[in-house]
Amino acid sequence: MSNGLPTTVRDPALPGRVEIYEVGPRDGLQNEKTVVPVAAKAEFLDRLADAGLRTLEATSFVHPRWVPQLADAADLLAVLDRRAGLDYPVLTPNERGLDRAIEAGCDHVAVFASATETFAKRNLNRTLDEQFAMFEPTVTRAVREGLRVRAYVSMVFGDPWEGGVDPDQAAAVGARLMEMGCDQLSLGDTIGVATPAHVGAVLDACVARGVGTDRLAVHFHDTYGQALSNTLAALRYGVTTVDASAGGLGGCPYAGSATGNLATEDLVWMLDGLGVDHGVDLAKLVDTSVWMAGHLGRPSPSRVVTALAEPA
């Protein structure tokens, strides 16, 4: 190691560049009990942009009763300096959320679905099949209004109530969302149970249903320490968009066993070592996560942040 960076050994089997889809400001903070002020959230996004991240999921227009941390979505976007050339997607679970996103001047939104019956009922109060009727008006209108739409699918690799999930079932849910008009599908390992061969099986199922790797993203949680190995498996398959959360923030408010997302710093360290371009300044990113950890009153769970942070 030199200057806080790993030795680079290029793996020619991997993509030359990976787009990091930073979810810390939304998915990372949504489950935090310490309420972060609007000014701090805006500064968090600015610091992440300064570190070189170009896709920053800013917030969610979900009902504040369900996610109190993000009740200030409109206030945040009103004060946020949305820089030219950067992407600030927001989560819009329904048409009312889409209305608010459009009012706030957003041009990139996301919807979230479930790969399993039980989670659909618990999280969306719909059956697995009924959930599509809930999303279709939102997706159709967003596309008509010229917005880009991302589709998240949760519980792709396992469900705490149902156990394992058939890869074809997960792929079928994703394919239906893409057929509605979504332009990207993020495959979520919500409870962190995936392993590398399982990742390959799900990607095979998606491709078999016509969703190519150019439209896929992966979203791993590190419950069992598998997030990086699963990410590497996806990269070897040809996926080039990876969701990650600065400092490893996050979980799922509706799945108690879900722990933090893949830490962006841990991902960047691995990509640096593999010679894969990503455009992120690791030192600035570490400083940002240390700063946010101070607001939350606890240390970052990221191994790389722990290793590189200046001692107090």
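Q: What is the handedness of the crossing of helix 9 and helix 10?
A: The model considered here is predicted. The contact involves Leu 228, Thr 231, Leu 232 and Leu 235 in helix 9, which meet Asp 266, Leu 267, Met 270, Leu 271 and Leu 274 in helix 10. The crossing of these two helices is right-handed.

Q: Are helix 2 and helix 11 roughly parallel or roughly antiparallel to each other?
A: Their axes come within 9 Å and cross at roughly 165°. An angle over 145 degrees falls in the antiparallel class. Helix 2 and helix 11 are therefore roughly antiparallel.

Q: What is the handedness with which helix 2 passes helix 11?
A: Residues of helix 2 that take part in the contact include Ala 40, Glu 43, Phe 44 and Arg 47, and those of helix 11 include Lys 284, Leu 285, Trp 291 and His 295. Helix 2 passes helix 11 in a crossing that is left-handed.

Q: How many aromatic pairs does a search of the whole structure find?
A: The search covers the whole structure. The number of aromatic pairs found is three.

Q: How many residues apart in sequence are the parts tied together by Phe 44 and Trp 291?
A: The rings of Phe 44 and Trp 291 form a tilted pair, 6.4 Å centre to centre with 35° between the planes. Phe 44 belongs to helix 2 (residues 38–50) and Trp 291 to helix 11 (residues 282–296), so the separation in sequence of the parts they tie together is 247 residues.

Q: Is Trp 291 buried or exposed?
A: The cut-off for burial is under 20% relative accessible area. Phe 44 has 1% relative accessibility and so counts as buried. Trp 291 has 17% relative accessibility, so this residue also counts as buried.

Q: How many residues apart in sequence are the parts tied together by Phe 119 and Trp 161?
A: Phe 119 and Trp 161 form a stacked pair, 6.2 Å centre to centre with 20° between the planes. Phe 119 lies in helix 5 (residues 117–124) and Trp 161 in the loop between strand 6 (148–154) and helix 7 (167–180), so the sequence separation of these parts is 42 residues.

Q: Which accessibility class applies to Trp 161?
A: Phe 119, at 1% relative accessibility, counts as buried. Trp 161 has 35% relative accessibility and so counts as partly exposed.

Q: Which arginine lies over the face of Phe 132?
A: Over the face of Tyr 21 lies Arg 150, at 3.4 Å from the ring centre. Over the face of Phe 132, at 3.8 Å from the ring centre, lies Arg 176.

Q: Is Met 155 buried or exposed?
A: Met 155 is a residue other than glycine with a positive phi, near 60°. Its place is in the loop between strand 6 and helix 7. Its relative accessibility is 0%, so Met 155 counts as buried.

Q: Is Asn 125 buried or exposed?
A: Asn 125 is not a glycine, yet has a positive phi of about 60°. This residue is located in the loop between helix 5 and helix 6 (131–144). With 65% relative accessibility, Asn 125 therefore counts as exposed.

Key:
Residues numbered from 1 in each chain as written. Predicted model: local features only at pLDDT ≥ 70, side-chain atom pairs only at ≥ 80, totals over all residues. Heavy atoms only, no water. Phe/Tyr/Trp six-rings, centres within 6.5 Å; stacked < 30°, edge-to-face > 60°. Helix = DSSP H or I, 4+ residues; strand = E, 2+ residues; numbered from the N terminus. Buried < 20%, exposed > 50% of the residue type's maximum accessible area, 1.4 Å probe, protein only. Lys NZ or Arg CZ within 6 Å of the ring centre and 35° of its normal. Axes fitted to C-alpha atoms, helices over the stretch in contact; angles between N-to-C directions. Parallel < 35°, antiparallel > 145°, perpendicular 65-115°, else oblique. Left-handed = near helix turned anticlockwise from the far one by under 90°. Contact = heavy atoms within 4.5 Å.
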